[in-house]
Amino acid sequence: MDFALAAEDEAFRDELRSWLDEHLPPFLASEELADDAGLSGEKSQRRRAAWQRLLHTGRWAAVHWPEEYGGRSATAMQRILYSEIMAEYRTPGLFNPNGLWQIGPMIIAWGTEEQKARWLPSILDATDHWCQGFSEPDAGNDLANLRTTAVRDGDRYVVNGQKTWISTAHLARWGLFLLRTDPTAIGRGAKHEGITAFILDMETPGIETRPLRDMAGEEMFNDVFFDDVSVPVDSRLGGEGEGWMVAMGTLGHERVGIAGQVSLLAADLRALVMTARSVNPDALSDPALRERLARAWTEIELTRLLTVRALSKIMKGEKNWPEVPFAKLQWATLAQTLAALAVDLLGPAGLLARGGPDAVDRGKWTRLYAFQRYSSIGGGSSEVQKNIIADRAIRLPGQARLS
Ligand SMILES: Cc1cc2nc3c(=O)[nH]c(=O)nc-3n(C[C@H](O)[C@H](O)[C@H](O)COP(=O)(O)OP(=O)(O)OC[C@H]3O[C@@H](n4cnc5c(N)ncnc54)[C@H](O)[C@@H]3O)c2cc1C
């Protein structure tokens, strides 16, 4: 891997930096859009929408989308630069991360021109919030076991069943859902077949969304119930039975996105040390904590290099295998290690939760300690990543695997 940047990558980096230098400080100074450190509250959503709209005015909301749809056709290298710079500047969260990173590219790849014109603009400019509805009570890691049905009835489909753990479905106007259009496929031993992708209007009668409270105190994800929901045929994305291919594209984007999250961990670690200096400076002289800090930093750097190697393979037209499951596994472990380190490093003050007047960084670190449990579950659990690595990278004999 040649670490030197090409001239166009340098120009991309410099343009993004100068745009952020100009636009981020006034945004952060706005009282009206102050950070409430929540994820799903109304205030937080307003702030995220305003930030995404501002990014969109500079064509910085979806750099990986083709230029004709409002992106910048960013290369893999530019996507990594984008993640690193946004993490370095500690920019606010996006209103539509699912829509921008996963669903938009799928609409671009699978949608008709009419569907692209109908949905892409509202994802980009934060008019509508989007969710992604794949998981069900008996279909998580084993996603192909999904059983929510969509049965064709003339020019409509009728949907019945339940999805679960659907992030921000209660805030979403639209969702990309995977539904079973051929209920016989599971019985035939062909469960990856007969699955179809649909874009559903979450305001359709018969859809009920019930938020689930997580252990960090957020109501971020939901059960979604479908009771004879009638949806038009033109809400189908791709052909009948092509849903598995649509989904694999979506999860591929999710996993590349997860690899990019390593930059956020590095920025978090730097911020953590600064906070510890002011609220619990003695901890920084503790040899055991210093060793954990050094180890965390080293692992973050190694994981960054792993993602760079994946990038290098993409640029050479090779498959970025097995770096992607390795990076997902590493990221999940690191996210949890760092959250535990934060609570230990900040001492008693680090345990104060959001809402209290003395909470450090508005309770961010305590919330992360609970929330990061998710990182070894969402986007493919750590046990399953290990199985994939054992099977396809190390080629361990079957009995040694975790199943
Ligand atoms: C915060 C959060 C947000 C989420 N948001 C969304 C969303 O927006 N949309 C969506 O569709 N889904 C979402 N999910 C769901 C997520 O994709 C699933 O939780 C994930 O796929 C795991 O499925 P599961 O929870 O059913 O666990 P299961 O698949 O039932 O796994 C349970 C346990 O068994 C282990 N296990 C399973 N199979 C094997 C095996 N073959 N070998 C060894 N161990 C195994 C797993 O590692 C895990 O520890 C979200 C989850 C979380 C935690």
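A crossing of two helices counts as left-handed if the near helix is turned anticlockwise from the far one by less than a right angle, and as right-handed if clockwise. Keep that handy for the exercises below, which use a predicted model.

**Exercise 1.** Work out how helix H8 and helix H9 pack: what is the angle, and what is the handedness of the crossing?

*Solution.* Start with the geometry: H8 (residues 287-315) and H9 (residues 323-346) pack at about 155°, and their axes are 10 Å apart. Angles over 145 degrees count as roughly antiparallel, so that is the label H8 and H9 get relative to each other. Next, the hand: H8 and H9 cross in a left-handed way. Now look at who touches whom. Sorted by class, the contact residues come to 14 nonpolar, four polar and five charged.

**Exercise 2.** Find where the ligand lies relative to the domains.

*Solution.* First get the bounds: the domain assignment gives domain 1 (7-95), domain 2 (130-242) and domain 3 (261-400). Then check the shell, where 21 residues surround the ligand, with Phe134, Gly140, Asn141, Ser381 and Glu383 the closest. Strand S1 (130-133), strand S3 (156-167) and helix H11 (382-394) each put in at least two shell residues. Because domain 2 and domain 3 both give residues to the shell, the ligand lies between them.

**Exercise 3.** Describe how domain 1 meets domain 3.

*Solution.* Take the centres over C-alpha atoms: 23 Å separate domain 1 from domain 3. At the contact, nine residues of domain 1 meet twelve of domain 3. The domain 1 side splits into five nonpolar, one polar and three charged.

Definitions and conventions:
Residues numbered from 1 in each chain as written. Predicted model: local features only at pLDDT ≥ 70, side-chain atom pairs only at ≥ 80, totals over all residues. Axes fitted to C-alpha atoms, helices over the stretch in contact; angles between N-to-C directions. Helix = DSSP H or I, 4+ residues; strand = E, 2+ residues; numbered from the N terminus. Parallel < 35°, antiparallel > 145°, perpendicular 65-115°, else oblique. Nonpolar A, V, L, I, M, F, W, Y, C, P; charged D, E, K, R; others polar. Domains from an automatic or database assignment. Contact = placed C-beta atoms within 7 Å. Near = placed C-beta within 6 Å.
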